[in-house]
Amino acid sequence: MRKAKLILDKDYVISPIDKRIYGNFVEHLGRCVYTGIYEPGHPQADAEGFRKDVLELVKRLNVPIVRYPGGNYVSGFRWEDAIGPKEKRPKRLDLAWKTTEPNEVGIHEFASWAKKANTSIMYSVNLGTRGPADAQHIVEYANHKGGSDWSDLRIKNGAKDPFDIKLWCLGNEMDGPWQMGQKTAYEYGRIANEAAKMMKWTDDSIETVACGSSSFQMPTFGEWEYTMLNECYDNVDYVSLHRYYGNPHNDTPDFLASSMDLDAFIRTVAAICDAVKGRKHSKKQVNLSLDEWNVWYHSHQQDQDLHQREPWGTALPLLEDVYNFEDALLVGLMLITILKNADRVKVACMAQLVNVIAPIMTRPGGGAWAQTIYWPLMQASTLGRGRSLLPQITSEKFDTKHYADVPVVDAAAVMDDDGNVTIFAVNRDLMEDVELTCDLRSFGSFRQINHSVLHHDDVKATNTEDHPDTVLPHEIPAKLDGNPLVLPAASWNVIRLTRE
Ligand code: AHR
């Protein structure tokens, strides 16, 4: 059996964990909203049309914040279209996804859904086809208590209390040619600065997220972050990062190594933020919002075919990746990477919540179920609260097509306020178990140890409506007497150590 070692010390802390790293994303895209969270007429719909079966899965996922309403969608969105009486709301063409948006769900409905889901909202404003004034208006509408035109309109539309949205995205992926209103880094930096300034003047309790380059691979990457931050550094709190991975060539070891790329991406963007900080002689630190991350590739071909057949539909089945077990392993590795960068990553949103590259799937008129990737996210969000500890890992390494020195075992560890420790670990070896010795030097003894494992012999196994429990975490026996733990081949492990 392979061997690995993990050393943890309670005084070696990376950072307190911001719970918003377990965030998610609801975009007006495909079936995320319509027939996802909202389906009036469904047997499980509540009085407002929200699916209760979906709400239950969302609540169990423990999602502290949800980004809304886009994504690419937001760059053509007029938020005023989706307020007031539903029968008067216009249907609009959404150029981002070539669909028709009925505007039945807007900020009022989404705020009500968020309350039911025990979550908060991260709201993105349109800085593609619109500008700082519109961004200021929506902050006033959402957060001002009353006595002004926009806030009184909110009250007239049924919401006496402000929505009190604390976190605001300044547009979406503004360097992408696919974006409505694409901008250069300088153009975007100027607009983001003016919008953020006016939004914060309206409500000084809010935080803002500037758009980073839309991916590590973009030709604009790096230069974009540096140039735009030079323009808006003082008025923004976070820079966004977006990252998706896929396994189109069926090279699982290489796919599972791609969390190393995420680590490099995070560290590089943090370095650029600090370079701007240095250049400006600033004392303020801008942190990171990884507000789109996931596996995304299964549905690419299907989406192209669908758009050729049926443009301008509503609730089309777009980006409906069916996730398998190896995807859950990479999601676990991405969560480990986020936790190990908890000093800089303060917000992270898996993209997206329901149906669209999502942990939760639904059938219109039918059931709702958890995909494979639901489980590592749910376990991390539930147990990964507190402080992220610095894990010293000794593990064998291997090379893949795109990565060198990939550790067989990767792990993160979290200590809660009572001194209980949770270790999240992935064994990347597809064939061999690993014996993991844990040296917990300064912790003393623990009363109980629980070891939950997510594993399937077939890395391509999926959960479906008929077989929702194919890939599910299960407990394995674990001892307290100093024996090493066994991480089964190809597994996501959650090891919980409870204090005496
Ligand atoms: O999450 C799907 C899409 O991916 C988002 O709309 C966009 O921001 C990104 O390119």
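Domain bounds here come from an automatic or database domain assignment. With that in mind, this predicted model splits into two parts: domain 1 takes in 2-9 + 389-499, while domain 2 covers 18-383. Their C-alpha centres sit 30 Å apart. Where they meet, 42 residues of domain 1 and 36 residues of domain 2 are in contact.

Let's look at that interface first. The size of an interface is often given as the accessible area lost when the parts come together. For domain 1 and domain 2 that comes to about 3100 Å², with 68% of it on carbon and sulfur atoms.

On the domain 1 side, at least two residues each come from strand S18 (406-407), strand S19 (409-415), strand S20 (421-427), strand S22 (446-454) and strand S25 (491-499). Sort the residues of domain 1 that touch domain 2 by class and you get 24 nonpolar, 10 polar and eight charged.

Now for the ligand. It has 13 residues around it, and Glu27, Asn172, Glu173, Tyr244 and Glu292 come nearest. Glu27 places a polar side-chain atom 2.6 Å from a ligand oxygen atom. For Glu292, an N or O atom of the side chain is likewise 2.6 Å from an oxygen atom of the ligand.

Most residues other than glycine have a negative phi, and most peptide bonds are trans. The bond between Ala351 and Gln352, though, is cis, with omega about -5 degrees. Gln352 sits in the loop between strand S12 (345-351) and strand S13 (360-362). Another cis peptide bond runs from Gly70 to Gly71, with omega near 15 degrees, and Gly71 belongs to the loop between strand S4 (65-68) and strand S5 (92-94). Finally, check Leu319: it isn't a glycine, yet its phi is positive, at about 55 degrees. You'll find Leu319 in the loop that lies between helix H9 (300-309) and helix H10 (325-340).

Definitions and conventions:
Residues are numbered from 1 along each chain as its sequence is written. This is a predicted model: local features need pLDDT of at least 70, side-chain atom pairs count only at pLDDT 80 or more; totals for chains, interfaces and linings use all residues. Side-chain values use heavy atoms; hydrogens and water are left out. Contact means heavy atoms within 4.5 Å. Buried area is the accessible area (1.4 Å probe) that two parts lose on being put together, summed over both. Helices (H or I, at least four residues) and strands (E, at least two) are DSSP runs, numbered from the N terminus. Ala, Val, Leu, Ile, Met, Phe, Trp, Tyr, Cys and Pro count as nonpolar, Asp, Glu, Lys and Arg as charged, and the others, Gly among them, as polar. A residue is near a molecule or strand if one of its heavy atoms lies within 4 Å of it. A polar contact is a pair of N or O atoms within 3.5 Å; within protein, one must be able to donate a hydrogen and the other to accept it, and residues adjacent in sequence count only if both atoms are side-chain atoms.
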